[in-house]
Each structure stands twice: as structure tokens, then as C-alpha cells.
Amino acid sequence: MPQLLNNTESNLNIKNVKKLIKKYQPPFWVYDSNIIYKKIKLLKQFDVIRFAQKSCSNINILKLIKNKNVKIDAVSLGEIERALSSGFKPNTNEIIFTADILDAETLFKVVDCKIPVNAGSLDMLTQLGKVSPGHHVWLRINPRFGYGHSKKTNTGGENSKHGIWEPKLAIPIIKEYKLKLIGLHMHIGSGVNYLHLKKVCQSMIKYAFELNQKISYISVGGGLPIPYKFDDKTIDIKKYFMLWDIARKKISKFLGKKIQLEIEPGRFLVAESGILISRVWAIKKMGNKNFVLVDVGFNDLMRPTLYGSYHHISVVSGDNRYINEKETIDTVVAGPLCESGDIFTQKEGGTVQTRKLPIIKLGDYLIFHDTGAYGATMSSNYNTRPLIPEILLKNNDSIIIRRRQTIEEILSLEK
């Protein structure tokens, strides 16, 4: 559940937030390294933890997780370069490239660095095999069903572009080009429904038996949820592991060798470590609705506009007055963009909602909680707005891990 700012056990508390506001001037992102470390420990039963860096790809965050022996998943050439820059080694299984296409530049890189490829299409296998016989590959299998907290996060079934529909068709290609099949990967979307999870486990067993290849790994994918709301349930990691461990043992017995069990968390490791700090610059009435406008928009935090996602919002006074949490007003929180969808309090599909928030004044600060995943990584320069800084809390200190972008830097690409 969201960490309240009065929780002194967390570094993301009111005292530290006020210090950061004074030191760095909002808006900016903040991450707490201690929370990331705690989340990594929760997954220690798995043989391999492989971070889905698309959720939070700052190289300083990647260096943190590498120090805890976490491996990395890359889904683009840029993410491969980020991983290499963070100290993850080529010619090992520390980096895996997962995708559904393989363009020429990326193909050259994975071959040159001998990075295993988790193939989501048959064409990828052919393209790779022609230039790199013997290359290590995984098969990402579409189990023909999916699940997600939003239609846009469902990565299985016939409406999904991800994965291979007929994995048995991959075997002749693998044999023709002498590729080395080392693992099977399955990921149906974000969020965990245990009935769906059992289906995924059974599907993994089924395909492992049907393909009957001497693989070394199975990957359970990612999508582990975090409680964005106070009444959201926390995932039962022991139950999650147990279901997959049963599947792993059945596959190991069938193949006559021990199979390594990988998990590929993104949001689970980093979402709760992050907050977004913004400042209130306008308050206005629109009919019966009370609008509060801040200096971050969906160009910074995309999730509410894209998915209708919920992020808890806290208020920090700009004039040191007492904030009465019990005295609330129905409020719409919006950003500065010239775009009607730039609303942080909305449902999926764009229905505007109000949020019960304390009485807010100009110059106050709004804190968006649980933004460590799919926050900064999904930011854009829409409306020619510069990317805002990222701050890391580590060893009782704060450091800038991405400085504020300038407008001149944006324009320089066009000159």
C-alpha cells in the first residue's frame, strides 16, 4: 500500500521530502534504494531474478540491482547499451534481449556481444540463425490467453502481438541454423490472478513436454503487482513461487535435468521506491468541480492518462501550515499540457474523477506515490517540455542521477 509521508521508517517521509524540495526545486522524481533492496530480497527463492529495465532504466538504478546479483532484460538496442554501461557483461546470460522483431543494428549488437535472444517471432530466429549459427535463444510462447489490469497490459491471446503462437514451428528453424535453445518464456500480462496463474503454469508444462527440448531455464515472466491503493491486496510471493516450482519440478523430471526458474519483475522491484514531487501553480472552479493544476503532466507521468491508473496523492504545505487530512474537498488534479486528457484523477477511458484531498493553496506541493515504475521511463518532450531530474536516496544522502534537461538540448537535435 502507499507509504504515508508520516511513516518515519521510510526515507520517503515528510521531513526528507521537505529537505528535497528545498534543495532541488520541484518538479522531480525521487527513488529510495532501501525499498528496492527490500523487494529484491522477497524474490530470493527464485534461481534467477531478471529485472525488466523498461520499468525504470536509469543506469544508476541498474547499477544498484546489479550489486545484488540481479540480471537484466533488455527490449531494445538502447536498453542493451544501458545494461552494458551499467556493468552487465556481454558473452554471458547477464543480459537477455527480448523482442518480437530484430532490426539490423540490434541484430549486429546481440551477435557481437553474444547476448541470448528471447524470440517472440519465428522471423527473428531465421534472421539470427543466418548470421549467428549456434546463438543461444529462448522462445517466448503466447499461450493463447492473457490477463492484465488493463487491456493495454494484456500480453497473451490472439489480440496480443507478443510471443510465438505455434512454438513447434520454431524447432525446424532452430535445427536448420544450429541455434541453441536454452529456455522457454511465458508472460501473459500485468497483475496476478491465481486462477490464470495456474493456467499459465499448466501451459508451460504442456509446451515443455510437447517441444521436448533439453532446455535449461523456464521464465515465469513478470507482471507482479503492487498495492497502489490502501485496500489492494499484496501478492503472496510464497504461493506464486510454489505454483511455479511445481511446474518446474514436473518439467525437470520429464527432461531428466534440473531446470532453473527465472522471474522477470519490473514494477514489483521499483514502483514503491519512487515518488514524483510537483508544485501547485493554479486553482480554479470549473462549474461544480475544483481543479488543482500542477507543474507535471502526462508527458512526465503517463500511467493515469494511458491506463486510468491510480496513484495516491499527498499534500505538503508550501507555507509550513498544518495540513488537516480530515478536512477534504473533492478535487480534480491536472497538469499544464495543452491537452484535455492531462488529468491525473481519471478512469480508464478518460472519465474524469475527483479525489478527496485536503484544502490546497497556491505554492503547496503534491506528491504522487508509487511512481518508481513506468514513470520517468515513459516520459516525453510533448509540448516541448524538458525531462525533469531524477534523485536517488542512498546511504543517508541524495544524489542527482539524471539532471534536468534544457530546452536548448531538445532543440539541438533539430538544428
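# Chat about the predicted model

User: Which residue does UniProt mark as "modified residue: N6-(pyridoxal phosphate)lysine"?
Analyst: K54, according to an unreviewed UniProt entry. Keep in mind that we're looking at a predicted model here.

User: OK, where is K54 found?
Analyst: K54 is in the loop between strand 2 (48-52) and helix 3 (59-66).

User: What is K54 in contact with, leaving aside neighbours within four places in sequence?
Analyst: V75, E79, Y374 and T377.

User: Switching topic. Which residue does UniProt list for "active site"?
Analyst: C338, again from an unreviewed entry. C338 is in the loop between strand 13 (328-334) and strand 14 (355-358).

User: Buried or exposed, that C338?
Analyst: Exposed, with a relative accessible area of 69%.

User: What does C338 contact beyond its neighbours within four places in sequence?
Analyst: Y382 and N383. N383 has a backbone feature to look at too: its phi is positive, about 65°, although N383 is not a glycine.

User: Where is N383, then?
Analyst: N383 is in the loop between strand 15 (365-369) and strand 16 (390-394). At 34% relative accessibility, N383 is partly exposed.

User: What reaches the backbone nitrogen of N320?
Analyst: The side chain of S317, at 3.3 Å. The S317 side chain also reaches the backbone oxygen of R321, at 3.1 Å.

User: Is S317 buried or exposed?
Analyst: Buried: the relative accessible area of S317 is 8%, and buried means under 20%. S317 is found in the loop between strand 12 (313-316) and strand 13. Leaving aside neighbours within four places in sequence, S317 is in contact with I323, D364 and Y365.

User: Which residues does a cis peptide bond join?
Analyst: P26 and P27, with omega at about 5°. P27 is in the loop between helix 1 (14-24) and strand 1 (28-32).

User: On to rings. How many aromatic pairs does the structure hold?
Analyst: Seven. One of them is Y24 with F28, an edge-to-face pair at 6.0 Å centre to centre and 70° between the planes.

User: Are Y24 and F28 buried or exposed?
Analyst: Y24 counts as buried at 16% relative accessibility, and F28 is buried with a relative accessible area of 0%.

User: What about F209 and F254, how do they pair?
Analyst: F209 and F254 are stacked, 4.2 Å centre to centre with 20° between the planes. That pair links distant parts of the chain: F209 is in helix 8 (residues 194-211) and F254 is in helix 9 (residues 237-255), 45 residues apart.

User: How accessible are F209 and F254?
Analyst: F209 is partly exposed at 32% relative accessible area, and F254 is partly exposed at 38%.

User: Which residues do ring pairs link into a cluster?
Analyst: F46, Y240 and F241.

User: And what lies over the face of F88?
Analyst: K66, at 5.9 Å from the ring centre. In another spot, the charged end of K206 sits over the ring of Y207, 4.8 Å from its centre.

User: Where is the pLDDT below 50?
Analyst: Over residues 148-155. Beyond near neighbours in sequence, that stretch has 29 contacts in the model.

Conventions: Residues numbered from 1 in each chain as written. Predicted model: local features only at pLDDT ≥ 70, side-chain atom pairs only at ≥ 80, totals over all residues. Heavy atoms only, no water. UniProt positions renumbered as here; feature names shortened; annotations may be inferred. Helix = DSSP H or I, 4+ residues; strand = E, 2+ residues; numbered from the N terminus. Contact = heavy atoms within 4.5 Å. Phe/Tyr/Trp six-rings, centres within 6.5 Å; stacked < 30°, edge-to-face > 60°. Buried < 20%, exposed > 50% of the residue type's maximum accessible area, 1.4 Å probe, protein only. Lys NZ or Arg CZ within 6 Å of the ring centre and 35° of its normal. pLDDT = per-residue confidence, 0-100. Polar contact = N/O pair within 3.5 Å; in protein donor to acceptor, adjacent residues only side chain to side chain.
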